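Hi,

Here is the structure I promised to pass on to you. Have a look at it first, and then read my notes below.

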Amino acid sequence: MAAQRVAEDVAKGTKQTSRVRVAVRLRPYMHKQDQKGEGACVRRLDTETLEIINWRNATETLQYQFDVFHGEETTQQEVFLSSVKPILPHLLKGQNASVLAYGPTGAGKTHTMLGSQEQPGVIPRAVRGVFNLVKAKEREDEGWDYSIGMSYLEIYNEKVLDLLSPSAQDLPIREDKDRNILIPGLTHTPLSSFSNFHSHFIPASLNRTTASTKLNQRSSRSHAILLIKVVRTQRNPPHRQQTGKLYLVDLAGSEDNRRTGNQGIRLKESGAINLSLFTLSKVVDSLNAGGGGRVPYRDSKLTRLLQDSLGGSSHSVMITNIAPEYTYYFDTFTALNFAAKSKQIVNKPFVRETVTVPSVQVKRSRKEQEAGLSGEPQKKKLKDVKKTDQEEPTQLHSPTDPSVLNRLIALEKLLMGTPVKERLNMHREIQELKEKQKEFESKAKVLKVTGNGATRNSSDSGSSGDSPLFRTYLPPLHRKQSTAAKPQKQQAVVPPLQVSQLQPLQQCPVVKKPSVCLKKKQKNLEQSEVPEGKENVKDTGWESHLDKSVLDQSRHKILQVLNSGSLKDLKGLQQIGDKKAKLILGWREIQGCFTQLEDLTKIEGITAKRLSSFIKANILSMMGT
């Protein structure tokens, strides 16, 4: 089964956008906060507009207009109904929604989000609203199942902490291929009812970090994020599944340490809070600037988690809390400017839906099945098959014996170590042999072309084409094919020389000791002149020098280690490392014991050539010990 991500704009053919809605809530005026009796610096004009005194000119005011303005007399119920409740139905459609409480410390953010037992805040009312929507949908949609779960975390001093599991350490933040933000290890608790949520949420809220300052007796020292996840699953095929997430964010307030009197650990907490809020402001500025530039989400843990809420795919509401006293004037002025900028952000929600698609089984060819059974990648197997198919018809056939190559190499060796006069004679002999070889090759090509033509003519006429003119009874000479990366010079191939011609050359005295250059040239000639199909002649010759009983006994010892040896014993064998030793153990557990050493070729990465080298190295090692 496969999963597919279905976006709403693809389904409907249009691209949906949603602007961030901004609501401003004014805290009631407190006389104890205004010791000078200066009065309020903020005043409500209507349900959307407010004005604040211009600090540059006290005779002027600055006006701000938002989606909603909640005055001092606004209740918790009114804030929820006008700002939060309209975005909850999106969760049941597989879309995300976010509610953020922003503002300076002491402006009433936590009261707006949590409230009290008599006046519950946004969080308990929103969770109760989600349960009510799910119950209503379950009665309407009989073919769908719904599940609700929660996660609760805080960002304290740039560390992500799980409030449902206080023992957890700093959690990482990850992003999947669809750019969804994930937190591995974060506790996810299923919820069956609102009372079940209440029993988990209240103890977790007490785990949140708070402290007392001069401006607030119980000040939040961290950003708290509550995640409510709603999953809607279709009972019948194709078993569609839609996932909606609700982020309820209670941000810590920006602080002026001169007024809060923070010192020590409080000062460090205040610095982390202000830094994350400053990064949040940079994110908003970057989103409003447009132009496809970099948005600094990764500069802070807070902005990384709010990546979906601001500029992402969420229906977002920001409730900006402000205080009316002159003591909070600059904090209020800054908060209103931030709210005005946030109002311009546009998100692009989409439906997060997965559809199970039955997997189609493709019938594979016999070569592909064999490649799969052998444990090697199919692409590599097919590539090797194609390569051999292309190389086979390009092999050259020459009416000569491959053994003449050895004679030619012997001539080259003797040539370098003979006196000048004899060397000239040998040069002359080699030139004659090369010219004679060229004549043989040209005749062979003519015969081959003529033979192919005669074969075609004979097949057309129905004759068998047995004319001896187009036959050659000489064995083919296999050569290595030249490559474009490293072309090889074609060596002369001569007929077998008579013994009478070889005797004078073998009796030639060696005057000089071969130099280092001669050794290198000799090594290159040996490597380049070995015909195909005879690469292992040198490796297999060593067995003829050993007694058959000793050879069989050594092979038996190696086989015994392969069948009964531990991982350490297997790694003790020559050319067997940790990886191949583990592969041998796994093969032995599944297939059983090895019946012969040649069964090692069934292990991935062990070819016939490597097996020959392995056997030689281990037998020689055993004989040496």
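Is asparagine 54 buried or exposed? Asparagine 54 is buried, because its relative accessible area is 10% (buried means under 20%, exposed over 50% and partly exposed in between, using a 1.4 Å probe and protein chains only).

Before going on, please keep in mind that this is a predicted model, where local features need pLDDT of at least 70, side-chain atom pairs count only at pLDDT 80 or more, and totals for chains, interfaces and linings use all residues. Residues are numbered from 1 along each chain as its sequence is written, and side-chain values use heavy atoms, with hydrogens and water left out.

Asparagine 54 belongs to strand 4, residues 49–54 (strands are DSSP runs of E with at least two residues, helices runs of H or I with at least four, numbered from the N terminus). Its side chain reaches the backbone nitrogen of arginine 56 at 3.1 Å. Beyond its neighbours within four places in sequence, asparagine 54 is in contact with Glu60, Thr61, Leu62 and Tyr329 (contact means heavy atoms within 4.5 Å).

Now for the partner strand. Strand 4 runs antiparallel to strand 5 (residues 57–65), and 6 bridges join them (two strands pair if DSSP finds at least two bridges between them). The two strands form a hairpin, with 2 residues between strand 4 and strand 5. In this pairing, isoleucine 53 stands opposite threonine 61 of strand 5.

Enjoy exploring!

Notes:
Polar contact = N/O pair within 3.5 Å; in protein donor to acceptor, adjacent residues only side chain to side chain.
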